[in-house]
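Please open the model in a viewer and keep the sequence panel beside it.

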Amino acid sequence: MFTLFLVIFFCLLGVLTGIATGLLPGLHVNNIALILLSISGVFVSSFGFLIDMGFPSDFIFLLISVYIISCSLAHTFLDCIPSTFLGAPDPDTALSVLPAHSLLMEGKGFEAVSLSALGSFGAVLFCFLLLVPIRFVIGSPVFFYETLREIMLFVLLAVSLLMICTEKSKIECFGLKKHWPSIFGMFFALFVFLLSGFFGFVIFEIVVDSPIGLESPVLFPALAGLFGMPTLVTSLMTSPVIPEQKLCDTVLDEKTKKSSFLSVVTGSLGGILVSIIPGITSATGTVISMNVRGESDKKQTIVTLSAVNTACAFFVVVMMFVILRSRSGAALAVMEIIAIEEWSDVLIPQYLCYLLIAVLLAGTFSYFLTLKIGKIFAKKFANVPYTLIVKLTISMVAVLVFLFTGFMGLIILLFATFIGLLPVEFGVRRSHCMGILLIPIIFYFI
Amino acid sequence: MNLKKLSIFFATSGTLFLYFLSLLSEPVVVELSDLPDYEGKKVTTTGIVTDYFTTKFASQMITIKDYNFTAVVYLEGTCDVEYGDKIQIVGEVQRYMDDWEVIVDNKKNLKIVEKWDNVSFPIWQLAQNPGRYLGLNVNVTGYVESIFDSYFYIVDIENKHSLIVFYEDYMGLSLHPGKKVCISAKFLFDEKNLRYKLELCDERHGVFLETKG
């Protein structure tokens, strides 16, 4: 009984940390996991008294894993709050406005947060229902992952093509009209994809070093630069007038309920795919899901994106035990801490059971906390010194990058930010920047 | 210059700048015993293969040793290493449970710098540091001393060290006492008799007569 209590306690600690990290804009959940991993030694020593109480050291490592997984899951719920309320561009000048920002401009920022929380929680429940069937499909007897591995090169090429060919932005240049702006849009998407890929090759050859002896993940400055900083930088340059936010609870009509259910299902399936295929992220999963779904309504995009994010965070935990591979920073951290026993029978391995308890609890807590905190954010947002927060966030990301990866990390962050600014400035999808991982992985499979 | 043009200029020129920087950036070369100081960092290190196997996901786990320090190399893919080969790897240092691992994400980052059968050394070199060669394929030179049905002894020129060599009958070795030989075999410890031994147990193992002897 005390064992379960400890699991719940560490899950709650993880959720609280996930709230804090999720509310900080510009921090990717994978970076959070790597930061947690590098300070896991502190946790082990802090909870060393449990060994004196008769708990094996393996159990303490499991508790740290519960903490990391709960934190990463809570982060996927909470990160919708800063991404909704911060970084909104000036709608008159911006070429692309994220769906959440669009709702914010209509005074429906809290609705965006509610929809996101709904998508995330729906994904947790749907993924739990799919747990055992997916295990049999991915592992024995169907061995879908083995089949997928054999054709992984073509899968990755297909995903890349899909991302580029479904680019809908139009870029006008040389005064050409008709279908040319769309073609230029696709070419520009291809340019961003290839440039990010080359950037990926380059940074993996660069040695970064933490000035304070921490682990130095070179992807930290690169991902923060590609995906976190551009929004913050552009939001500093614009001064959108954000209307007063409506705080009423979101009531879904029958049609929206059905549509949201479909978004959760397609988003979760997209998230599961992301947790299996290396190099693709939730953004890519969302593109796939939205194409499968065939709807581009901004509210349903929010539900789908959140479902993909959370389903991915859920299933990377399961995939660790089925295919013995880590597909996220959190999974990588956990695989370094505990010995993973392959889930090859019907019965779920004991460690996975504990982690699933944590995922379900963290999902439930995070859902209600996201709604609560989202409401507070929407209410107090007008009084918040917006520019100051953005400046502080940029400084914090830069300081963290320096602490983890040194001066070289700052250079990578700077140039990654310029690459990340390309999609924002030209209005193409930001997911093309995932070429940073996709192209090196494609070359690995060639 | 507006932000659009600035981003294109700095994104491309910055990537090129980093590319040239990466050409100058080499991972630090470390001894296996220094791996704990480089956790999470990319290093270049060398060691002798003492064990290897291929996982079901077509990756290879290679145990390497340098004097008394051992580390596991996790190679994404497979390569043709053998017991006793000296390899150089470039990869990221990680701790897995109680072991130190070097994650090599590309086959190109593993080089066999010395095949075990290209290097031969006299028996006294084994005697000086037997632990270093234990479990490895070795090429040892010495003089045949006495011959029995399934084993024989070799000694060094000064008769200071002697070592037992086991072989299978089917090998049909033609040996004569006093002849200088080079033996390709696995160096093992015979726990039952508390002694080191050479065992010819692989198709690449054998006894070769030295012409100058």
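Begin by selecting A:L226 in this predicted model. Setting aside residues up to four places away in sequence, A:L226 touches A:S196, A:A416, A:I419, A:G420, A:C433 and A:I436. The residue belongs to helix α12 of chain A, which covers residues 219-237. Within 10 Å of A:L226 there are 31 other C-beta atoms, so the residue is classed as buried, the cut-off being 20 or more. Next, draw a distance from A:L226 to A:I419: the C-alpha atoms are 6.3 Å apart in space, although 193 residues separate the two in sequence.

**The nonpolar cores**

A:I419 is among the residues with the most contacts inside the largest nonpolar core, together with A:V66, A:I68, A:I69, A:F315, A:V317 and A:I412. That core has 147 residues. Now centre the view on A:I69. Apart from its neighbours within four places in sequence, A:I69 is in contact with A:G14, A:V317, A:A330, A:V334, A:L355, A:A358 and A:V359. For comparison, select B:L75, B:L110, B:V138 and B:F187, which are included in a second, separate core of 38 residues.

**Helices α1 and α17 of chain A**

Select residues 2-23 of chain A for helix α1 and residues 350-380 of chain A for helix α17. At what angle do these helices pack? The angle is about 40°, with the axes 9 Å apart. The two helices are therefore oblique to each other, and their crossing is right-handed. To display the contact, show A:V7, A:I8, A:C11, A:G14, A:V15, A:G18 and A:I19 on α1(A).

**A:C80 and its surroundings**

Move to A:C80, which lies in helix α6 of chain A, residues 80-85. Is this residue buried or exposed? A:C80 counts as buried because 25 C-beta neighbours lie inside 10 Å. Beyond the residues within four places in sequence, A:C80 is in contact with A:A100, A:V113, A:S116 and A:S306. A distance drawn between the C-alpha atoms of A:C80 and A:L23 reads 8.2 Å, for a sequence separation of 57 residues.

**Helices α10 and α14 of chain A**

Select residues 152-165 of chain A, helix α10, and residues 282-293 of chain A, helix α14. These helices pack at an angle of about 75°, with their axes 10 Å apart. That angle makes α10(A) roughly perpendicular to α14(A). The contact is formed by A:V159, A:L162 and A:M163 of α10(A) and by A:T284, A:V287, A:I288 and A:N291 of α14(A). Its residues comprise five nonpolar, two polar and no charged.

**The loop between α8 and α9 of chain A**

Proceed to A:P141, in the loop between α8 (109-138) and α9 (144-150) of chain A. Show the backbone here: a cis peptide bond joins A:S140 and A:P141, with omega about 5°. In the loop between α8 and α9 of chain A, also select A:F143. The phi of A:F143 is near 55°, a positive value in a residue other than glycine. With 13 other C-beta atoms within 10 Å, A:F143 is partly exposed. Most residues other than glycine have a negative phi, and most peptide bonds are trans.

**A corresponding backbone feature in chain B**

A positive phi also occurs at B:N159, where the value is near 60°. Select B:N159 in the loop between β10 (151-155) and β11 (162-166) of chain B. The residue counts as exposed because 9 C-beta neighbours lie inside 10 Å.

**The interface of chains A and B**

For the last stop, display both chains. How many residues of chain B are in contact with chain A? There are 24, and they meet 23 residues of chain A. On the side of chain B that touches chain A, α1 (3-24) and β5 (86-96) each supply at least two residues. The largest share, 13 residues, comes from α1(B). By class, the side of chain B that touches chain A divides into 11 nonpolar, eight polar and five charged residues.

Terms used:
Residues are numbered from 1 along each chain as its sequence is written. Chains are lettered from A and ligands numbered from 1 in the order in which they are written. This is a predicted model: local features need pLDDT of at least 70, side-chain atom pairs count only at pLDDT 80 or more; totals for chains, interfaces and linings use all residues. Axes are lines fitted to C-alpha atoms, for helices over the stretch in contact, and angles run from 0 to 180 degrees between N-to-C directions. Helices (H or I, at least four residues) and strands (E, at least two) are DSSP runs, numbered from the N terminus. Angles under 35 degrees count as roughly parallel, over 145 as roughly antiparallel, 65 to 115 as roughly perpendicular and the rest as oblique. A crossing is left-handed if the near helix is turned anticlockwise from the far one by less than a right angle, and right-handed if clockwise. Two residues are in contact if their C-beta atoms, placed from the backbone, lie within 7 Å. A residue is buried if 20 or more other C-beta atoms lie within 10 Å of its own, exposed if 12 or fewer, and partly exposed in between; C-beta atoms are placed from the backbone. A nonpolar core is a set of buried Ala, Val, Leu, Ile, Met, Phe, Trp, Tyr and Cys residues joined through C-beta atoms within 7 Å. Ala, Val, Leu, Ile, Met, Phe, Trp, Tyr, Cys and Pro count as nonpolar, Asp, Glu, Lys and Arg as charged, and the others, Gly among them, as polar.
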